[in-house]
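Please view the sequence and the model together, then read the points below.

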Amino acid sequence: MINNDKRKYLILTYGCQMNVHESEKLAGILEDNGYEPCTDAVSADIVVFNTCAIRESAEQKIFGNIGELKNIKLAKPDMIIAIGGCMSQQQKYADEIMKRYPFVDIIFGTHNLADFDKFLKSRINSGKKVVNITEDETIALRDKLHICRTSGVNAWVNIMYGCNNFCTYCIVPYVRGREVSRPEEDILLEVKGLISEGYKQITLLGQNVNSYKGLDEHGNEVTFAKLLLDIDELAGDFRIRFMTSHPKDLSDEVIDVISKSKHICHGIHLPVQSGSDKILASMNRKYTKEQYLNLINKIKDKIPDAEFTTDIIVGFPGETEEDFNETIDVIKKVEYMQIFGFLYSKRKGTVAEKMKDQIDTKTKKERLSKLLAVKNEIVNRMCQNMLGKTYSVLVESYNENGVLYGSLDSGKTITFKGSKNCVGEFVDVKVVQVRKSVLYGEIVDDERIKDFKEKSFKNPLEVSILPKDQKSMKLLRENKNKKKLQNDFKSKN
Ligand code: SAH
Ligand code: SF4
Ligand code: F3S
């Protein structure tokens, strides 16, 4: 039910799962302040951008989207525009935003997200702009925030913040600061609570979860393997995923815990970035192609049904055709179920920015499309092999046409027909059709289904903070006519 008296918020999220989860924390703060969500900037009383700085393309999109709000702000001066996240955490971007977009009201960073409540109240009470960024990364650990979860049956849980790895292409360590791990007790308490609330998938988040080093309640150090083990021992019907794993730190103990666990998924995201030893060294990844492939084989030995996904950057400075072919070779050997391929993007302040032999855009694009063609061929073949087989599927969302979307243990998604009461349940689904690597299935006759009840999860397809769901900006773009926009406002208010 829409309550017309309530003020409305819209959060636009860019970037990784870390940001999606932080948007859930921002949503919690806004709801505590009496706001309720809406799905377009035209109706919003406050628009919060949760930004990403990983690639130039992300930044350009965000700058463009902020610019598009100018006309709305002209027509509706009381609307608050706030910019947080990885772009604004960097002083130079905060300065640029203030200069290019003077109509922005609040600028804050990733470290002081928990203080957004204070910034919002200050802006409302004083009418003055708030610009507040801090370099202190430990303050993220102090947050005990109300989290407004919107990812359906999946719940994100931060286990650590920051990154110490300084891969030479990457801006994250400069933005997110050094690694800090949450105490194990806090994590276990949060996970237990989520399981008892009915969440069926817990995804542990960190830039490099393998280097988690928390303390238990007695002050003893807890490794990632021990944390996984302790979560796996909790009672309940749930899955555990984690991201992201740096290959150099994935220990034998972790592999062992996964192989014996009841709850940990066998789909593992293990970013390789490149298959060339020369490029890997230049990226400061600290492993060779052979070490990476040995690691994959070790996992496959211990966990025969393990499936892998990865991140790859093409066109890193100095990458020759030969280097690129090494990457293709890794793809063929590992047979990834999914690959997130990126064109290398120069980031100011990183080591790679200054490297010679930067690759031209045309070559980068050609390599990426070749990589994706090889990937598609492999994924399609693997999907064809799944035809006729039955898998346990967690039902995650539904649409009005009675179509359900779920995920396999590997993380692969599947589409099938069924009742929306199935959302939040594990059901057996047989793969009956594969089209362009998309799986279609049928629920295997199951007596339990008639007893399933509708749950109160927010349907991920309907919430507005997810990165895919940037409908509101599209709506703005379609509405280019400034006069019309302003008239719309007048008639709305
Ligand atoms: N901490 C995670 C993810 C970091 S960002 C990890 O180490 O895997 C997600 C992905 O973005 C990276 O894995 C990398 O493939 C890509 N990426 C990071 N910086 C990039 C850049 N400058 N240009 C292109 N892709 C980049
Ligand atoms: Fe970036 Fe490397 Fe850290 Fe991942 S591990 S966040 S790619 S520096
Ligand atoms: Fe982007 Fe920040 Fe994540 S730079 S990828 S939102 S950590």
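Strand β19 (residues 413-417) has a covered face with Ile414 and Phe416, and an uncovered one with Thr413, Thr415 and Lys417. In a regular strand, side chains alternate between the two faces of the sheet. This is a predicted model, in which local features need pLDDT of at least 70 and side-chain atom pairs count only at pLDDT 80 or more, while totals for chains, interfaces and linings use all residues. Residues are numbered from 1 along each chain as its sequence is written, and chains are lettered from A and ligands numbered from 1 in the order in which they are written.

**Partners of β19**
- Strand β18 (residues 403-407) pairs with β19 in the antiparallel sense over five bridges; pairing requires at least two DSSP bridges between two strands, and strands are DSSP runs (E, at least two residues) numbered from the N terminus.
- Within this pair, Val403 stands opposite Lys417 in β19.
- β18 and β19 form a hairpin with five residues between them, and Gly411 in the turn has a positive phi of about 100°.
- Strand β21 (residues 438-443) runs parallel to β19, joined to it by three bridges; here Ile414 stands opposite Leu439.

**Helix packing**
- Helices α12 (residues 321-334) and α13 (residues 361-384) pack at an angle of about 15°, with axes 10 Å apart; helices are DSSP runs (H or I, at least four residues), and axes are lines fitted to C-alpha atoms over the stretch in contact, with angles from 0 to 180 degrees between N-to-C directions.
- α12 is therefore roughly parallel to α13 (angles under 35 degrees).

Methods. A residue is buried if 20 or more other C-beta atoms lie within 10 Å of its own, exposed if 12 or fewer, and partly exposed in between; C-beta atoms are placed from the backbone. Angles under 35 degrees count as roughly parallel, over 145 as roughly antiparallel, 65 to 115 as roughly perpendicular and the rest as oblique.
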